[in-house]
Amino acid sequence: MKVWSWVVGALALGAVGTAAGFGITAQRELAALEHAPAYSLTAPPPLLEPVQGSPIDEQLLIDALTPPASNPDLGTFHARISSANTGEVVLDRNADEPLRPASVTKILTSAAALYQLGPEDTLSTAVVRGAQPGEVTILAGGDVWLDDEALDDLAAQVSASDAGQVTSVSIDTSLWDGFTEFPDTWDPENIDAGYVAPLQPAMLSGGRMDGNTEGDVPRSHTPALAVAQALAYRLGADNASIADAPVSEDSQVLATVESPTLTERMRVMMRNSDNVYAEAIGHEVALARGTTNAPQAVLDTLAEHGLDLSGTELADCSGLSDTNRIAPALLDTILMQAATEAPLRDLLDTLPVAAGEGTLETRYDDLPGRGWVRAKTGTLDETSALAGTVTSEAGNVYTFAFISNDSSILEARRGMDELASVLRAF
């Protein structure tokens, strides 16, 4: 019997923890399980206009929430639920006390990015003429969402330029000089397990290998070099390398491509809880603030917008570190602002739909929240989290943030799904 079986643990379809021995084994075992086809649905309309709903019996709601909120399967459980209609808190279970959050950390990173960068922000990747004939250099611009189409576009532009026959492609990664490439709170085994890659400012699909574009598949240990190699192949060049020194700003630009907008990149990141994408967004926030400390840049941005960060600790921007600490009250406040105020408006639309997509695709099949819960998941060893919104049958909108520590993942996950689903009836 495998270790993870007798503790009834399992890892999420999204980010995983740094305790690689247990975590990676569980992830691989769970990935082998078969699931029924995911529920196909059209996502409910965005819940972002002034909220209109129906009055409810608050005592009935509290009475309905109390048993599932007291479920012992939730372990150490802190939570908050609020009404977007009234702004009132309807459930508070030690919500001001931080716990290990796992990937709901990405909600903080996304909120900071929307505040600092704006939803239409994009990233540029350029190819410039090298110092010697036949040489070109990629100027990495922080776009770790690059794909075959982008590389084909760059190659076509270079071929149509006056660069002549390209014999060597290098990549300048100096944009992220000064950032930590691989935090010491991460386990190096998570690279081959598919959960993260060394943080370099240009990657193909988050550093995934062998043409994969999503999922927890092995990632490159040299993702920026892989981009140079991919362009070199397209141009018929024999050599690919990391640039020895930053390229001059005066170098002739031969080709450029733009990333998707920030909102589009967030949606890809949130759907499958991609750690590389979250870290890249955090790096962009940091650069906009003139620093190389991305977690602190996220916190500083949120503090400037009046959020209470008491007890919050961030070692990364993705939630992969098990030293992060976040209070449910902070997460719920961010979600409330997203539901009721313009600056964070795009955040809710990036969250997966229950039983419909991403890390919620195989959850809620038999629960009332199916199709009506939109939430970010979080999973590390003995850690489960869920934070998002629910639209009720009466048209009321609720925001919620749940964090469970010291619990078995499958049981805690089910308990949180049941608690969120209660809101559907009110």
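Helices (H or I, at least four residues) and strands (E, at least two) are DSSP runs, numbered from the N terminus. With those labels in hand, let's start at α7.

**Stop 1: helix α7.** Select residues 223-235, the 13 residues of α7. At 1.5 Å a residue (the expected span is 1.5 Å times one less than the number of residues), this helix should span 18 Å, and its end C-alpha atoms are 19 Å apart, which agrees. Just after α7, click on G236, where phi is positive at about 75°. Now colour the buried residues of α7, among them P223, L225, V227, L231 and L235. Buried means under 20% relative accessible area, exposed over 50%, and partly exposed in between (1.4 Å probe, protein chains only).

A word on what you are viewing: this is a predicted model, in which local features need pLDDT of at least 70, side-chain atom pairs count only at pLDDT 80 or more, and totals for chains, interfaces and linings use all residues. Residues are numbered from 1 along each chain as its sequence is written, and side-chain values use heavy atoms, with hydrogens and water left out.

**Stop 2: the core.** Next, show I107, L108, V144, L302, L331, I334 and L347, which have the most contacts inside the largest nonpolar core, a set of 59 residues. Such a core is a set of buried Ala, Val, Leu, Ile, Met, Phe, Trp, Tyr and Cys residues joined through side-chain atoms within 4.5 Å. The elements that each supply at least two of its residues include α4 (105-116), β5 (143-146) and α11 (328-340). Domain 1 (58-120 + 264-424) and domain 2 (124-259) both contribute, so the core lies between them; these bounds come from an automatic or database domain assignment. Zoom in on I107: its contacts (heavy atoms within 4.5 Å) beyond four places in sequence are M270, L331, I334, L335, L347, K376 and A387.

Stop 3: Find N94 and A102, both placed in the loop between β2 and α4. Phi is positive in each, near 50° for N94 and near 55° for A102. Most residues other than glycine have a negative phi. N94 is partly exposed at 42% relative accessible area, while A102 is buried at 1%.

**Stop 4: L74.** Finish in the loop between α3 (58-69) and β1 (76-83), where L74 lies. L74 is buried, with a relative accessible area of 0%. Its C-alpha atom is 8.0 Å from that of S408, 334 residues away along the chain. Among the residues that L74 touches are P68, S404, A412 and M416.
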